Amino acid sequence: MSKAKVRTGIVGAGFSASFHHEAARRVYCADVEVVGVHAKTQASTQGFAKKHGIQAFDDLDALLDGVDVLHICIPPALHEAVAVKALERGVFPIVEKPLTGYFGDGAENFDGRTASMTQARNGALDSIRRMLAAEAQSKARILYAENWVYAPTIQKEREILEKTKGQILWMHGEEAHSGSHAPSYGHWNLAGGGAMIGKGCHPLTAALYLKRVEGRARFGKPIRPATVTARTHALTQLPDFVDTGHIRADYVDIEDFAMTHVTFQDGTIATVFASDIVLGGVHNWLEVCAGNHRTICNLNPSNQLQTYNPVESQFDDIYVVEKIGTKQGWAMTAPDEDFSHGFPQEIEAFYRAVANGDDVESNSELAADCISAIYSGYVSAGNGGVEEPVTLL
Ligand SMILES: NC(=O)c1ccc[n+]([C@@H]2O[C@H](COP(=O)([O-])OP(=O)(O)OC[C@H]3O[C@@H](n4cnc5c(N)ncnc54)[C@H](O)[C@@H]3O)[C@@H](O)[C@H]2O)c1
């Protein structure tokens, strides 16, 4: 049987656009043609187009006219507008994390550190509502690019939960490293917050997802978040912070540490840490403590491969692992980091949804629960950690 032809476009030409392009090229279930790219400047659009042998589009509408799928790989503040535009044309938006958020009140001197978090939550919930409404009106669906859902370790835990009907009592997890590379990160009005949304959304979504899986397996319906307690800190902005140059420290108005504690509808819990202050490469993991089993999902690092390199320069052109500070000595070298992070599996699943109408695990409801929980987390953190309800949309 011949494979369905799917035409695809990419908006954005930075870090995530590159791994989306790579994953789209590797799709097996459909015959994917990457038509072209549109980014902020002509130079970046043309540079990306030339590098990958695709067409450069100065105009997003022109790109949308010729595609079935749009990979949205641009700063979070732009996700809603572009996704809604795609949905209005029946184009499937693959939306990078976080789905959306609150990006200030438009004032030039907006400062996330002193802003009203109640207003932030209302703004984020309104944005989610607009996206869900556009999806409801569209023949396309939102495909939420949360790669943790598709990471092999998380998918193995899905199988365990489905087959053993286990009850998760507590999950704890973390995403951390020594600082995001993206220039937009650090400005609330571009990123919608700091570590809690930028990094915490990953383990949080995985935890929300696994509780949904448990609910589906045990009762035929997902178990969703009910309340959140959170704390945030800006450790690199402390007056006495000792800057040794190993940690990025130029954030403008965001937190670089967050602890988010979620209570689910059944009273069980998840605790997620997110930060920009951890050396030694990315630290991405989720541990599941169920009544009938325990699982440690190590996304990165994992010890599948360990290398010892006595001379730094020997590994100059060898990729070791994300955000590692040195390649000398022992390292948990990643044999296939994209695979461990779930990127190709995620994109394959999205094209199965487009080509065959398959359900997606990382859908708009999961994304909405994540953003809603995070902004209740910001309200809680603003009140010193008081428990806040999570609005389910
Ligand atoms: N899943 C992951 O692990 C992961 C990793 C990195 C980034 N991301 C997400 O990907 C998204 C983009 O981050 P990034 O790291 O690729 O950022 P980046 O800074 O590397 O690239 C951003 C791109 O957006 C483009 N852009 C900015 N404004 C635009 C506009 N108005 N119109 C068209 N293009 C515009 C820029 O030209 C640039 O190419 C963010 O939502 C981020 O959270 C996800």
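Reader: Is helix H4 (residues 79-88) enclosed by the rest of the structure or exposed, and how many of the 10 residues are buried?

Author: This is a predicted model, and here you just count. In H4, 7 of the 10 residues are buried, so the helix is largely enclosed by the rest of the structure. The buried ones are His-79, Glu-80, Val-82, Ala-83, Val-84, Ala-86 and Leu-87.

Reader: At what angle do H4 and H5 pack, and how far apart are their axes?

Author: In general, a pair of packed helices is described by the angle between the axes and the distance separating them. For H4 and H5 that gives about 15 degrees, with the axes 9 Å apart. Angles under 35 degrees count as roughly parallel, so H4 and H5 are roughly parallel to each other. The crossing of H4 past H5 is left-handed.

Reader: Which residues make the contact?

Author: H4 brings Glu-80, Ala-83, Val-84, Leu-87 and Glu-88, while H5 brings Ser-127, Arg-130, Met-131, Ala-134 and Glu-135. By class, the residues of this contact split into 5 nonpolar, 4 charged and 1 polar. Notice that Glu-80 is part of the contact and is also buried.

Reader: And zooming out, how many helices and strands does the chain have?

Author: There are 13 helices and 15 strands. The radius of gyration is 20 Å, close to the 21 Å from the globule rule for 393 residues, so the chain is as compact as a globular protein of that length. Buried residues make up 50% of the chain.

Methods:
Residues numbered from 1 in each chain as written. Predicted model: local features only at pLDDT ≥ 70, side-chain atom pairs only at ≥ 80, totals over all residues. Helix = DSSP H or I, 4+ residues; strand = E, 2+ residues; numbered from the N terminus. Rg over C-alpha atoms; globule rule 2.2 N^0.38 Å. Buried ≥ 20, exposed ≤ 12 C-beta atoms within 10 Å, placed from the backbone. Axes fitted to C-alpha atoms, helices over the stretch in contact; angles between N-to-C directions. Parallel < 35°, antiparallel > 145°, perpendicular 65-115°, else oblique. Left-handed = near helix turned anticlockwise from the far one by under 90°. Contact = placed C-beta atoms within 7 Å. Nonpolar A, V, L, I, M, F, W, Y, C, P; charged D, E, K, R; others polar.
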